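Here are some friendly notes to read with the model open beside you.

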Amino acid sequence: MTEKQLIDKERFADIEYNLAVIRERIARAAQQSGRSAEAVRLMAVTKTVAPEYINHAISCGIDLIGENKVQEYLGKKPFLTECEAHLIGHLQTNKVRQIVGEVSMIQSVDSVKLAAEIGKRSLMAGITTDVLAEINVGGEESKSGIEWDSAEEIIAEISEIKGIKLCGLMAIPPICENSAEVRAFFSKMNRLFVDIRAKKLDNTDISILSMGMSSDYEEAVLEGSTLVRVGSSIFGRRIY
Ligand SMILES: *Cc1c(COP(=O)(O)O)cnc(C)c1O
């Protein structure tokens, strides 16, 4: 569901302010990890946010948005200023047909079966779809994502599928008590990312490590994230 179309002047100003603060924090964390601010891309996660506010974020320099649900994104798309978009939410195979060609990347590929369906639909559309493999880094039952122990094997299988190009990894760590605990999950992801990249698998371009959200994007950047997905810290608390 999209929020009620309350146009709130104050909220426009908040979005602009929040983006400036977040950019500064990302830049600082990137520097601390020995990288430049440009090494980290900021995605605005726009689930439940009305197009007016998304367009305002775009006018403030956002060049990448992330949506969780196929239907919600396709419903909002006609009202959005042109902007690169990724699907970041769990995707069912029966919805693949609708989203292929509508976003530039699907970050939430969590099985060979889903990857194969995206590949098939992409070939039918005459395109290649960029994807990330989502890893269940915390081994949580409640979360989707490829199991940690079989990650390298599944990634190798996904990389062989025609019609898609594997561009890296995505993860959502468990809710943690403190900074050190969440950094350990991000660090684990970064090691997998470096390992996979070093394999130079055919037909892949492993360059994106998508991790970090409102509560932990600085920790993620300190541990090597190249793309942070930030929602509520930009737009405010979500109203479902
Ligand atoms: C909602 C969501 C985000 C952003 O969450 P915030 O805590 O609001 O920043 C990031 N990634 C995924 C996959 C999400 O579903």
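1. Let's begin with Arg238: one of its polar side-chain atoms lies 2.7 Å from an oxygen atom of the ligand. That is a polar contact, meaning a pair of N or O atoms within 3.5 Å. On its own the ligand has 380 Å² of accessible area, and the protein covers 90% of it; such areas come from the Shrake-Rupley method with a 1.4 Å probe.

2. A word on the source: this is a predicted model, in which local features need pLDDT of at least 70 and side-chain atom pairs count only at pLDDT 80 or more, while totals for chains, interfaces and linings use all residues. Residues are numbered from 1 along each chain as its sequence is written, and side-chain values use heavy atoms, with hydrogens and water left out.

3. Two further side chains are worth a look at the ligand. Ser214 places a polar side-chain atom 2.5 Å from a ligand oxygen atom, and an N or O atom in the side chain of Arg229 is 2.9 Å from a ligand nitrogen atom. The residues around the ligand (those with a heavy atom within 4 Å of it) also include Val45, Lys47, Asn68, Ile88, Ile172 and Met213.

4. Next, helix H2, residues 51-59. Helices here are DSSP runs of H or I with at least four residues, and strands are E runs of at least two, numbered from the N terminus. In H2, 7 of the 9 residues are buried, that is, under 20% relative accessible area (1.4 Å probe, protein chains only). Among them are Tyr53, Ile54 and His56. The buried residues pack against helices H1 (9-32), H3 (70-76) and H9 (232-235) and strand S2 (64-67). Just after H2, Gly61 has a positive phi of about 110 degrees.

5. Leaving aside residues up to four places away in sequence, Phe186 touches Pro173, Met211, Gly212, Asp216, Glu219, Ala220 and Glu223; a contact means heavy atoms within 4.5 Å. Its C-alpha atom is 8.8 Å from that of Val221, 35 residues apart along the chain.

6. Finally, please check Gly145, in the loop between strands S5 (129-136) and S6 (146-147). Gly145 counts as buried because its relative accessibility is 18%. Not counting residues up to four places away in sequence, Gly145 touches Asp110, Glu134, Ile135 and Asn136.

Terms used. Buried < 20%, exposed > 50% of the residue type's maximum accessible area, 1.4 Å probe, protein only. Polar contact = N/O pair within 3.5 Å; in protein donor to acceptor, adjacent residues only side chain to side chain.
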